[in-house]
Amino acid sequence: MANGRGLFLEIINDVIYTVSLRDSNDPSKARVEYLNGRVEDITGFKPEEFIKNPSLWVSLVHPSDLESVLKDSLRLFRRGESVTREYRVRTKRGNYIWVEDRIMPVFDGDRVVGFVGVARDITKRKVIESLSIVALEKSLDELLSSAVSMLKETLNADLVVLYEVPEGSSEGVLRAGEGIDKKLINRYRLPLQEGTEFHYTFTSKKPVVVKDVDSEKRFKFTPDTYILGLRSGICVPIRIGKEPYGALCIYTKDKREFLKEDMDFVGAVANIVGLAIKRHRNEEELKSSRIKLEKANRLYKTLSVISEIVLRAKDVEELLSGVCSTCVNYGGFKAVWVGLFEEGRFKIVSSCGDAEDFIRSVEEPILMKIKEGVGPCGRAFLSGEPVVNNDTEAFIREQALRESMLRKGYLSSMSVPLKLKGKIKGIFALYAGEKGFFDEDTLGLVREIVEEVLFSLEFMEKENQLRQLSLAVSQSSDWILITDREGKIQYANSAVEKISGYKVAELIGQKPSIFKSGKHSQSFYRVLWEKLLMGETFRSVFINRAKDGKLFYLDQTITPLRDSSGEIMGFVATGKDITQEKELQNRLNYIAYYDPITELPNRVNFLERLKFAISRNRMLRRNLAVLFIDVDRFKFINETYGYPVGDQVLKEVADRIKSAVREGDTVARLGSDEFGAVLIDLAHKEDIPKVMNKLFKKMEEPIRVNGHEILLTLSVGIAVFPEDGSDAEELIQKAEMALAHAKEDRRNNYQFFREEMNRQITEAVFLESLLFKAIDKGEFFLQYQPYFDLKRMTIAGMEALLRWNSGELGIVYPGKFIPVLENTGLISEVGMWSLREACRVVEKTGKRVSVNVSALQFRDKDFPKKVEEVLEEFGIEGGYITLEITESTLMNDVDFTRRSLKRLKNLGLKVAIDDFGTGYSSLAYLKTLPVDYVKIDVSFVRDMDKDPNDRAIVNAIVQLAKNLGLSTIAEGVEKEKHLRMLLEMGCDMAQGYFLSKPLSEEDLMNLLREHG
């Protein structure tokens, strides 16, 4: 343990030290007894230098901070209180750094005899805090000057320069610098020359690290670089989002490695600078915007008048005439016209201003060639986008048109296509008497005018279409029923006849109660009529009975109909027959709460029942026991006899466990070979061994399956309420601990939870310590299991599977180390490593790679941003990466899931629901989530050639996915028969050992070459 503690203290990221005060009451003369190696990393002084010279640390403290540091030490000595302080310390290089130092007293009886300290370098944090304050309180120039000065001090750099690239410029302006002639600031210009590190950083928006100027082949360096003797450096983009503002460059004369924390620090400074530059530019823009205010008022007066015209216009002619005259009279345009396509020909239907002779002699001949793209209107028609001319002399190509426009004084113009439902219906043309007339405000006004016009045109078109609606209603596949105020049926379409089995003639004059099934309560109908008679819409799923007595489900909306005076005159009911969806949902709900093999409650169901039982027993003041039951060496049975025999064995074990407990107790299947039981209403803890003896007695009889006689033993862990815990999670945790000890001792053994079982946590901590170093040691690697397109039998992509080859433990199975990664939070870092490796393989293969995402990763609100950064790092499209997320993770917080998936989908990524069918998806939620694939869990695929229930479940999932527009991937395909059945069902893709086992990267490349 001592060696382990020493190793831990040496690898920890903070300075750990101990100080003795036994020989002195003066803290400044205390004796340093121990420091770890981290002190040399941040100060440059070795631990032994502080031990040999106890006053060394105090001598390094900044003179301005020394008094408060000694006072804090004295307070610890006199009062025995822990103290946290922040102060500056001089390094061996001569510069000062900030440290955060927490000291904790060590007592000998009541006397303080020393203290233990934990110190960390917070210089970068203090710099960021200081710059944030400067950014808020000082000018931009002061901020930039402070930024480069603090960067030079903090990073011990020889040169720090900050370039800003003005908007639209092709060169950077030196705005601040340290290590240069100050006269150059705001005067020196650095061109954005291709091939330089400055150009690359600014255009790619990615940082550049130059480890050695002499050996760097990617970039060309300025002569100043060699004159100043610069060897290493970093160049970081200054940007906000995707908008670049410049670059921040740091150089050193010695050859140097820049750590990730250095890059993050400089990036944070660059972000503060970027925000300040953006704010400064916004303030400059605000000044110019005041000038535009007067023009904006005039433009929006135009929009206001047009809005009134849109509301009162009765036909297209009145609408377009009003729009054209308003634009000329209020908007300051010299001329305006609108043309529409009627029966395949283009015709100007309305105009205003000094335009008649111009339209007749110039525009109309050109507009005859509008579909060929002649003139601004022709280009607007072909592109489907507005064409803006802010300088007629320079912009208009057609000579005759240009000269005529100049004679009329049309120095600017705009041609806007009028699009309805994606189709161009006409052209809106506007002419102005000054150059540059169509600025952003004017363009915005025109866009809003066009939206108003299009809205009105669409409304008028819909009025015309309404006349044809009655015919469409009668032929609709949706249920449409109309009643009078008393509820008597006045109209029913053919869909009502088809769904209910009643002829329309049988329904007229009847009431909808003819469909009553008896499945709804009286309160249901009372609420329905209360809402309808108050004029409100009522929507619900109705369980109705057809003429032949069968039930059908109707997702129905009932809406009151009003006459011209506003009185309710009847009701219209519209709905869809969702009988098949309901039956499928009921089946999926069963899957969500019950194990398909044993038909016992699953883990989710078990937890809910346990929570309910705890609440009940708490009120009754009775005992309750939680049993975790493991089938010993069950994996051996699957490997020896095969999965079909293993499943039959599980069913028999389930039956024997149920027969050993009482009828009111709960038995559930929690995992592959693990069962759980809840024994309720126990008068005495001593009753539990009787149940165990009964269970073990039943296990003495061999299990006979397919001519095999199999003897099994069980291991059982037991936790008792309220003795071992007061809630479900605590009882489950302690029952699992007890089970682990039961399995260690012997077969057919049970163990009650004992506190000393917590010692197993030590083993987990050991595994943790190895995992913390696994990434740095390069112990993680990926294997790739392809999945195949079933129709073409080609490789559609591959799933990346995480593996760990520990230097101390050898190959460790994922089931053992992944839970530890998740518990420690390391799964996020390892997960991003896996994503980077997957991106690298995408670069090599050009194939889609699926990456598993843990619940902890997915719940990180910054996860989409981290994924985006990896994609940018490798320069690959998001469509090459599929994120596999388990069903239970997605359903944990549906609102958060929906938001996060939307951000990921915006990056182009594909999303797959992993282990589908084993969680608790709801159709109502699933259909709203933007996912692409459903991965059917191996537990359903494995035996679907023998078990009709599994086959039905797989088929139901495939059909559900099709209805929701999702693709399906079946896992665990082990037989050719599986492939045939999946293909018949319409499953899209499959993976499994029959097709390919997980492969190393080299074997994967060979397989891809074989498949072309």
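This is a predicted model: local features need pLDDT of at least 70, side-chain atom pairs count only at pLDDT 80 or more; totals for chains, interfaces and linings use all residues.
Which residues does Thr43 touch, not counting residues up to four places away in sequence? They are Phe50, Thr91 and Lys92.

Thr43 is buried, because its relative accessible area is 2% and buried means under 20%. A polar atom of the Thr43 side chain lies 2.7 Å from the backbone oxygen of Val39.

Thr579 belongs to helix α21, residues 579-593. With a relative accessibility of 14%, Thr579 also counts as buried. Its side chain reaches the backbone nitrogen of Tyr553 at 3.0 Å.

His520 sits in a loop, the one between α19 (504-507) and α20 (522-533). Is His520 buried or exposed? It is buried, with a relative accessible area of 15%. A polar atom of the His520 side chain lies 2.9 Å from the backbone nitrogen of Ile543. Ile543 is joined by Tyr525, Val541 and Phe542 in the list of residues that His520 contacts, leaving aside neighbours within four places in sequence. For Phe542, the separation from His520 is 22 residues in sequence and 8.1 Å in space, C-alpha to C-alpha.

| Side chain | Backbone atom | Distance |
|---|---|---|
| Thr43 | oxygen of Val39 | 2.7 Å |
| Thr579 | nitrogen of Tyr553 | 3.0 Å |
| His520 | nitrogen of Ile543 | 2.9 Å |

## Around strand β16

Lys421 lies in the loop that links β15 (412-420) to β16 (423-432). Although Lys421 is not a glycine, it has a positive phi of about 55°. Lys421 counts as exposed because its relative accessibility is 62%, and the cut-off for exposed is over 50%.

Lys425 is found in strand β16 itself. At 29% relative accessibility, Lys425 counts as partly exposed. How far apart are the C-alpha atoms of Lys425 and Leu340? They are separated by 5.8 Å, while the two residues are 85 residues apart along the chain. Leu340 is also one of the contacts of Lys425, and so are Gly339, Phe341, Leu418, Leu420 and Glu461, with neighbours within four places in sequence left aside.

Asp681 is another residue with a positive phi that is not a glycine, and here the angle is about 50°. Asp681 lies in strand β24, residues 674-682. The relative accessibility of Asp681 is 22%, so it counts as partly exposed.

A cis peptide bond joins Phe721 and Pro722, with omega at about 0°. Pro722 lies in the loop between β27 (714-721) and α26 (728-745).

## Two helix pairs

The axes of α21 and α36 (residues 948-963) come within 11 Å and cross at roughly 120°. The two helices are therefore oblique to each other. The crossing is left-handed. On the α21 side, Leu584, Arg587, Leu588 and Ile591 make the contact, and on the α36 side Asn949, Ile953, Ala956, Ile957 and Leu960 do. By class, these residues are seven nonpolar, one polar and one charged.

The second pair is α29 (residues 826-845) and α38 (residues 1001-1010), whose axes come within 12 Å and cross at roughly 30°. Arg840, Val841, Lys844 and Thr845 of α29 meet Glu1001, Leu1004, Met1005 and Leu1008 of α38. The contact of α29 with α38 has four nonpolar, one polar and three charged residues.

Technical notes
Residues are numbered from 1 along each chain as its sequence is written. Side-chain values use heavy atoms; hydrogens and water are left out. Helices (H or I, at least four residues) and strands (E, at least two) are DSSP runs, numbered from the N terminus. Buried means under 20% relative accessible area, exposed over 50%, partly exposed in between (1.4 Å probe, protein chains only). A polar contact is a pair of N or O atoms within 3.5 Å; within protein, one must be able to donate a hydrogen and the other to accept it, and residues adjacent in sequence count only if both atoms are side-chain atoms. Axes are lines fitted to C-alpha atoms, for helices over the stretch in contact, and angles run from 0 to 180 degrees between N-to-C directions. Contact means heavy atoms within 4.5 Å. Ala, Val, Leu, Ile, Met, Phe, Trp, Tyr, Cys and Pro count as nonpolar, Asp, Glu, Lys and Arg as charged, and the others, Gly among them, as polar. Angles under 35 degrees count as roughly parallel, over 145 as roughly antiparallel, 65 to 115 as roughly perpendicular and the rest as oblique. A crossing is left-handed if the near helix is turned anticlockwise from the far one by less than a right angle, and right-handed if clockwise.
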